[in-house]
Amino acid sequence: MTGDHLNKAASADAGAVAEVACDESGSDGENLTGGNTDVFAHASVLLSPDRAAGYVREIRDRIRSPAEEYKANHLLREKHRPVLEWLLSPSGPLHGRAHVHLVEKHFFVVDRIADLLLADPGAALALFRQGRRTFTAPQWRRFLEAANQLLWVRHDGEPDAPVEEFFRTLAELRRAYPDTAVARTLSRLARERPRAVSYRAAVRDGPFVLNPVLNPLLPSILHTAAHWGDGGRPVRLAHDRQNMLTPERVAWLEDTARRRGIRLTGLRLVVSRLDARVQLADFLAGIARRIASDELGGRGDPVLTGLLRPYVGAAAVWGDERSWARLGPTTGPGGAPGDPARMSGAPVRITGAAGVNAAGSAHVWR
């Protein structure tokens, strides 16, 4: 069954609640520049428990590993390549029944800093691409780390240190690269120091932040619910247990989805090893993260990238044009890859309480 068929079925049976199983891979919390991964993947699967259990048994039979619990790494081993290709193939168990939301972490940082200081999501893509082309690799890394520290909700050092470091970095880069396209964006950022100061003060003195601006999990869950609920079908999510998903945040997700017109009827946490559907979502998330990361780093496997592509959602937060041309859904004229500037840079706003904006009030991040 293709994704289009699923959406048509959802429209025809808008009263039936679909329970979708979810898991993620690549979570480093808010540490998006110094963590272990450069891609975050949130995967979801729409299958009955019985069918999912049968597919997990088939994977075990094909791999024949003594491990009690299989993970994506088992499938990513070269000796199990045929099993991996079968799992993702059009004739495999997940085709048309699964979805992946991808986040390129470095672009996510740039996207968030542009939104906070400039309230201009469209500026993020230009800043990301111009910055990488203009700055040296160490300079680009320093800019990203300074932005990450500024936005990080948890900061154990001096309260004003992230603001000072970020604007010192901006000043140095502007001096090093005057009269460049990226310098003009840096100048716009430099004029917004009061917003940065207000943001840090709101984080320090304000209420508990339900949705930290740099954690991609919650917005990814909302994107997942919106994908499966397209056409008006009510959706319930079964998600692997995650420390981030506290009762307060689950309630926030449900409330935010309701106010956005996403028909999320509930989110329950399950233990992965006890739910075969979540195990399949776990496999897909880990596999997608690895394939996308390899493509981002110029190490892509064309066969695996091609097999992953039908699962990747157009709402991905992605800034690298070369890799997105290979990973992204073919939505352009004649089946050409969709424009990553349009897909990644376009504002996907979710109104409600989440991060803390410059005025100290709450709003949601993409």
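Start by selecting asparagine 148, which counts as buried because its relative accessibility is 0%, under the 20% cut-off. The model you are looking at is predicted.

Show the helices and find H7, residues 137-151; asparagine 148 lies in this helix. Now display its surroundings. Leaving aside residues up to four places away in sequence, asparagine 148 touches Glu30, Asn31, Leu32, Thr33, Val109 and Leu214.

Next, select phenylalanine 166. Again leaving aside residues up to four places away in sequence, phenylalanine 166 touches Ile113, Leu117, Phe143, Ala146, Ala147 and Leu150.

Widen the view to the largest nonpolar core, which has 61 residues. Which of its members touch the most others? Select Phe143, Phe166, Leu186 and Leu237. Then colour helix H5, residues 105-118: this helix supplies nine residues, the largest share of the core.

Finally, colour the chain by pLDDT. The average is 85, and 84% of the residues score at least 70. Select residues 1-14, where the pLDDT is below 50; this stretch has 21 contacts in the model beyond near neighbours in sequence. Residues 332-337 also have a pLDDT below 50, with 10 contacts beyond near neighbours in sequence.

Note on methods: Residues are numbered from 1 along each chain as its sequence is written. This is a predicted model: local features need pLDDT of at least 70, side-chain atom pairs count only at pLDDT 80 or more; totals for chains, interfaces and linings use all residues. Side-chain values use heavy atoms; hydrogens and water are left out. A nonpolar core is a set of buried Ala, Val, Leu, Ile, Met, Phe, Trp, Tyr and Cys residues joined through side-chain atoms within 4.5 Å. Buried means under 20% relative accessible area, exposed over 50%, partly exposed in between (1.4 Å probe, protein chains only). Helices (H or I, at least four residues) and strands (E, at least two) are DSSP runs, numbered from the N terminus. Contact means heavy atoms within 4.5 Å. pLDDT is the predictor's confidence in each residue, from 0 to 100.
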